[in-house]
Every structure is written in structure tokens, then in C-alpha cells.
Amino acid sequence: MNNNTKLGLGGHSFIGELGNDPEASFDEQCAIVSACLDNGVVWIDTTYYQERFALGKVLQHLGRRSEARITAWNFFREPGNDDRLTGFAPYTLDSLGVQLAELQTDFLDLLVIHSHDDVELLRREIELASIWRAAGWVREVGLGMARREDLENLPAGHPITRVLAPYNAFNVQAANLFREAKVRGMDTIAMSPFVRGWNLDRLEADRKPAAAATLLRWVTTQEIVDTVFVSMRRAEWVGTNLAAEMQGPLSAEESSLVRELTDSLK
Ligand SMILES: NC(=O)c1ccc[n+]([C@@H]2O[C@H](COP(=O)([O-])OP(=O)(O)OC[C@H]3O[C@@H](n4cnc5c(N)ncnc54)[C@H](OP(=O)(O)O)[C@@H]3O)[C@@H](O)[C@H]2O)c1
């Protein structure tokens, strides 16, 4: 068991969209989650409702809900659009019950509110999350796709303890957000170390393992990053990515590989 890893399992591991590998079978999903929990990768993200259904089923089957720290975002099933990945929708009174039922759990470790420009509506969502947290249905509240300026607009006494944003060698925009979040005592979650899996698949096969390991370490070794959500549609990638992380900071040669990759894959 590795208690020092920053890795968390991305929810896109449970769906076929947004990746190259086909959707993992139920057995493979169980193997992925088991490999994560056996090795200290306890944070498991879910963005779309399909991911919540899948994770709920897997954890129920494995009997390991209590070992996982479940994250859920406000992307909901739209009637008549069951197969689609829908956009985010603001939280309402009913939202949490839906998420909990899909995940087959009675609390969330981290409820994520997707940021947006309607400051008043965002405040109401934050108020709702505070009520859910006080009731014990939500352990922590995070702000997802957060921007630096969102931190200025948070209401006094807000419950936000984590910010989440895409952050990788190709997209460093969230660096200011993460720095400021750390100053304010919040934790940071960097998402999508490879941007998407298909980005890596543009490389020749023999270059892929070193590229993946280097891009992952570029994120995991940063002090402003507490957790990294990476999708893994194959159980074997859990060990591969943990081993990469354990190699620690990049050498000068590896840093130039990162520059080469960001130039060639942009
Ligand atoms: N970026 C956003 O806007 C956003 C928003 C909300 C939530 N998130 C969260 O962030 C998570 C991660 O984002 P992501 O899935 O878009 O991008 P990602 O983690 O950068 O890419 C994941 C893909 O990389 C490939 N991969 C993983 N380990 C590998 C290895 N060792 N060697 C080669 N390939 C490897 C797999 O590709 P294939 O399976 O495709 O082959 C995997 O699906 C999501 O699952 C989600 O939980 C992201």
C-alpha cells in the first residue's frame, strides 16, 4: 500500500467516450478499482452519470465502498438522452439524492460544483452544498473547472476545501489558481495529465511509455498539486503510473523531452 501517492482514478476510466481504448468490461473495471484501492489510490472521480452508475456497481460488487473516497460532479442524466455525455447543470434540491442513488452510497467524500459565470446562482449552489455537508451527506465540497477569479467571489464561510482544474504540461493556465488556493489553505486537484489518452496515441508505440511517465511526473512532482486525476482503462496502468510517479522529479534530459512533446503534440 502506497500512502504517499497523489494519483486518483479519473471517472472517464468507466466509459468508452473520451478515450481510445474501448470501454473496460465490468471485470476489468473491478480489477482497475481493486488495483487502485490495494495501492493507496483511494480518490475516485465521477463526472458523468454513467460513471456514477459504473463505480457504484463496482464498489458494491467488491464490498469496498468504505476504502474509496468518492468524488461526484454535477453532470446529470437528461431524459431521452441516456446514452449522451451531457453538459453540467446547476445543483438543485434533488441533485444529491440522484448522485447518491447512482453511486449506491449514503454520502459523498467530495461534492464538486462546476464553476460558471452566474455568481448569484453559484452562491446558491454553495449554500446548498453547505447544508448537505452539515447534514453529513457530503464530507467536502470542491469547485470544479475553477478559475483564479472564482476565489475572490467565494462567500464568507463557504465550505470549499478543494479546487479542481485541468493542469498538465500542455495547459498550465491553472497554475495561478492552484498557487492562490494553497495560500488560502485549500487542496488542489490537477486533472488530465495527458490532456486525453488519444494525445499519447499520436506518438509511435515505442515512445509512448516514456512519454506517459514523463508527462505524469511533470504534474505529480509539483508542490502546488495535491492530487492528480488520471483515467486508466486497464488495470495494468495503475502499477505503471504509480511506478512512474515514484521516480520523482524530472532530470534536465526528461524536462527537454516534455518540451519536445508539448511542441510536437500541441
Ligand atoms: N479535463 C477535464 O476537463 C476534466 C473535467 C472533469 C473531470 N475530469 C477528470 O479528470 C480525469 C482525467 O482526464 P482524462 O481522462 O480526460 O485525461 P488523462 O487522464 O490525461 O488521460 C487518460 C488516458 O490516458 C491513457 N493512459 C493512462 N495511463 C497511461 C499509461 N501509463 N500509458 C499510456 N496511456 C495511458 C488512457 O487512454 P485510453 O484509455 O484512451 O487508451 C487513459 O484513458 C477524468 O477521468 C475525470 O475524472 C477532467
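Helix H6 (197–200), H7, strand S8 (227–230) and helix H8 (236–246) each supply at least two residues to the lining of the largest pocket, where helices (H or I, at least four residues) and strands (E, at least two) are DSSP runs numbered from the N terminus. The lining of this pocket comprises 37 residues, and those that lie nearest its centre are Ser192, Val195, Arg196, Gly197 and Ser231. A pocket here is, on a 1 Å grid over the protein atoms alone, an open set of points where a 1.4 Å probe fits, with protein on both sides within 12 Å along at least five of seven lines, and lining residues have an atom within 4 Å of a point. The space in the largest pocket is about 790 Å³, a volume being the space filled by probe spheres set on grid points joined across faces, edges and corners.

This is a predicted model, in which local features need pLDDT of at least 70 and side-chain atom pairs count only at pLDDT 80 or more, while totals for chains, interfaces and linings use all residues. Residues are numbered from 1 along each chain as its sequence is written, and side-chain values use heavy atoms, with hydrogens and water left out.

Phe178 belongs to helix H5 (residues 175–183), where Ala175, Leu177, Glu180 and Ala181 are buried along with it; buried means under 20% relative accessible area with a 1.4 Å probe and protein chains only. The cover over the buried residues of H5 includes strand S6 (160–166) and strand S7 (187–191), and H5 is followed by Gly185, whose phi is positive, near 80°.

Cys36, in helix H1 (residues 26–38), is buried with a relative accessible area of 0%. Not counting residues up to four places away in sequence, Cys36 touches Leu9, Val41, Met232 and Val238, contact meaning heavy atoms within 4.5 Å. The C-alpha atoms of Cys36 and Trp237 are separated by 9.9 Å, although these residues are 201 residues apart along the chain.

Technical notes:
Buried means under 20% relative accessible area, exposed over 50%, partly exposed in between (1.4 Å probe, protein chains only).
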